[in-house]
Amino acid sequence: MRRWVVAALLLGVGCGGPPPGVLVGQSAHFRLYVDPALMPVAPPFDGDNALAALETEWSDVQTMLHMPDGIINYYWLTTADAEAACGSPDEGACTKESALEIDSPTLPNPHELNHAYLYLRKQRKPIPLLAEGAAEAIACGQPGASLADSAPWPGLVAEDPPSDEAYLQGGLLARYLIRTQGIDAFLRYYEQSPERRDPALFGANFHSFWGVTLDEVWSAMHIPLPGEAVADQKICPCSLPPPGPGATATNDPVRDPYWVVSGPEAMALVPPPTAAQVTINDCGGLGQTQTGQVVLARIDSAAPWYAMAPANVMTGPYLADDCAGTIPYTLPANAVSPSSPFSVFVELVASSAASAQDVYFQLGTPFAGKVGVAVGEEICGSCGFDQGSCQPMTAFASVALPGPTVYGRWTVPGGAVGVVTQPVVLSPP
Amino acid sequence: MNRRLRRRAAALALAAVSVAGAPVARADSAAPPPARVFLRLAVGPAFMVESWSPSTPDPGAVSTGWAPALEVTVGKRVRPRWVLAGTLQVAGVIDRSESFEGGSYTLPDTIHFLDTIGALVDRDLGGRYGGHLGAALGLMTVSELDTSFGSFATSWGFAASVHGGIEPVVRGRWRMGVAGRLTLYRYGSDDPPPSATSWGLLSSLLLTFTRQ
């Protein structure tokens with residue numbers, strides 16, 4: 001949003017013109033213009049898919065911001081044309097709010113869309129630290145800021161144009177307030193906040209609204225709590241419909257930009273052939289992301305996680321409370337090869353409970369190799385755990401695969417914060 | 001400095017005094033009787049010092065900054081040496097600096113407007129240089145414009161000022177001179193919360209043009 005006023009003035013006196021976009025279509029909330037230099041648009045955003053992706057984003061964020069209906073003019077431009085339209089080479093993208101116009105080289109651009117959504121809610125101009133912070137708060141699969149990096153807030157309040165630090169710290173502040181006070185309280189605060197870059201006024205208004213000083217909140221938001229990551233992520237609404245029971249592999253960044261990992265069934269998440277691994281993220285943006293070539297996850301729906309596209313998702317009891325009720329996830333026959341030194345990491349992820357609990361999994365392993373077994377795990381060639389040679393490990397060991405199917409039991413420790421993870425490493429013989 | 005140079009300097013000084021003084025003397029002798037209508041235009045630099053105190057226990061701040069100032073005063077002579085007038089005084093503090101909790105923060109791309117409309121009284125002290133003193137009382141609007149992202153907010157208050165200066169006659173009914181003004185003002189604001197009170201002092205050094 002920086003300097004958009006200058007850009008608008010330049011346009012107004014004839015020093016510029018509308019961005020070089022061709023109107024390609026209109027949907028319920030967007031009018032899409034595409035730079036001729038980007039045409040023809042390649043999959044997956046070809047045809048009506050670009051508008052569909054924007055509508056998917058709208059419907060997701062609308063569950064948090066509750067913005068009223070409106071039409072946003074979205075100009076999808078080359079980087080050079082976006083900079084020209086925004087009036088500055090420093091501006092990768094911008095929102096001209098009074099015209100509800102976004103000029104961006106990416107689609108969808110959550111940051112600029114958040115500016116437009118917030119302006120649709122209320123036509124006002126909070127100071128850049130807060131306006132950019134709010135725009136940095138909500139997005140899926142995007143990094144936030146390091147909690148350890150801090151800068152004094154009064155200087156950031158006064159800044160214009162806002163520095164990169166103002167974006168980072170403003171985003172951290174907005175996300176902290178949303179996480180701790182809720183989105184509705186944050187929006188009430190945002191919509192009454194000062195429109196003057198005045199540190200004393202901003203601090204007093206913050207105290208007046210929240211009942212705690214900004215100094216106190218500024219300190220608290222830079223301290224990771226137990227179980228939290230040292231850097232946060234943006235908040236994902238995680239409102240898109242979850243895959244139904246028994247759903248199988250899909251890969252549709254337009255309509256399913258992410259998959260929510262929650263609910264009674266566990267999921268197997270696998271990257272498509274073009275991606276080396278799949279990552280799951282905490283919807284609230286505070287948990288440490290978990291990455292594996294295969295992720296088997298069973299997560300409490302009260303604190304959901306999600307995997308960004310591209311990802312293939314399968315639902316089913318891949319992690320279950322009893323061995324017999326578990327279905328196997330079968331790895332490709334060439335996943336582990338004697339001629340390759342590479343191992344396969346299968347990440348087990350489960351929400352922690354008050355007390356320890358056993359979960360079972362099965363891996364189809366149509367190849368010869370070894371499996372790394374950690375303390376607390378037990379690997380067997382059948383469901384006959386704790387019998388014969390099937391005993392819990394007392395120290396990490398790498399043992400030969402017991403057969404074409406590995407039966408495993410993982411004791412999830414109780415009392416932990418958030419999710420608990422356990423890698424299962426399959427390696428060549 | 002040798003004797004020759006001292007003589008030259010003395011001659012230059014005398015010449016300067018005579019050049020400056022001669023037209024004044026001639027004008028004084030030919031000055032028409034004062035008109036009933038009084039018009040004064042003034043322009044010059046001003047310096048603001050302003051405190052901001054919220055109604056809550058939160059820390060306040062002190063802002064300082066330079067401004068161009070402009071004044072238009074229109075009135076009439078009610079007594080031979082007394083003028084009663086209405087006055088509009090405008091000043092815009094550019095990129096003020098705010099001192100807050102031990103730090104100092106410049107607010108770039110901002111203009112802090114201090115605009116007063118009020119009544120002014122001015123006493124002509126007479127004499128060769130046209131000395132005058134006066135005071136004004138008025139309503140003040142204080143507006144903060146952010147030229148970067150376009151926000152504009154206005155508060156209301158009161159201002160009282162005293163001024164004094166000299167205004168030798170330069171031509172006919174016109175006088176030109178310099179004046180100093182000290183304006184004390186107070187205004188309040190309550191949007192956004194918390195409510196707050198500001199006191200300020202605006203010192204101006206003005207070049208004045210008066211028709212009387």
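Predicted model: local features only at pLDDT ≥ 70, side-chain atom pairs only at ≥ 80, totals over all residues.
Biologist: Good to know. Now chain B: how many helices and strands are there in chain B?

Modeller: Chain B has 1 helix and 11 strands. Of the 212 residues of chain B, 33% count as buried. Among contacts in chain B with a separation of 6 or more, 59% join residues 24 or more positions apart.

Biologist: How should I read the strands, and which of them pair with strand 6 of chain B?

Modeller: In a regular strand the side chains alternate between the two faces of the sheet. As for pairing here, strand 6 (residues 110–126) of chain B pairs with strand 3 (residues 82–94) of chain B in the antiparallel sense, over 13 bridges. One bridge to look for joins B:V90 to B:D115. Strand 6 of chain B also pairs with strand 7 (residues 131–146) of chain B, again antiparallel, over 16 bridges. There, B:G118 has B:G138 as its bridge partner.

Biologist: What lies between strand 6 and strand 7 of chain B in their hairpin?

Modeller: The hairpin has 4 residues between the strands, and B:G127 takes a positive phi near 85 degrees.

Biologist: Is helix 4 of chain A mostly covered or mostly open?

Modeller: Mostly covered, with 10 of its 12 residues buried. Among them are A:L113, A:A116 and A:Y117. The buried residues of helix 4 of chain A pack against helix 2 (49–65), strand 3 (72–76), strand 4 (94–96), strand 5 (101–104) and helix 5 (128–135) of chain A.

Biologist: Could you show me one buried residue in detail? Why does A:L426 count as buried?

Modeller: A:L426 has 23 C-beta neighbours inside 10 Å, and 20 or more are needed, so A:L426 counts as buried. You will find A:L426 in strand 22 (residues 419–427) of chain A. A:V336 is 90 residues away along the chain, yet the two C-alpha atoms are separated by 7.2 Å. A:L426 also touches other residues, including A:S343, A:T365 and A:V371.

Biologist: And how many residues are in the largest nonpolar core?

Modeller: The largest nonpolar core has 126 residues, and A:V261, A:L269 and A:A297 are among those with the most contacts inside it. Helix 7 (residues 164–181) of chain A gives the largest share of this core, 9 residues. A second, separate core of 16 residues includes B:M48, B:V93, B:M140 and B:A159.

Biologist: Last one: how many residues does each chain give to the contact?

Modeller: The contact takes 27 residues from chain B and 21 from chain A. On the side of chain B that touches chain A, strand 5 of chain B gives the largest share, 3 residues. By class, that side of chain B has 13 nonpolar, 8 polar and 6 charged residues.

Conventions. Residues numbered from 1 in each chain as written. Chains lettered and ligands numbered in written order. Pairing = 2+ DSSP bridges. Helix = DSSP H or I, 4+ residues; strand = E, 2+ residues; numbered from the N terminus. Contact = placed C-beta atoms within 7 Å. Nonpolar A, V, L, I, M, F, W, Y, C, P; charged D, E, K, R; others polar. Core = buried A, V, L, I, M, F, W, Y, C linked by C-beta atoms within 7 Å. Lists of a residue's contacts leave out its neighbours within four places in sequence.
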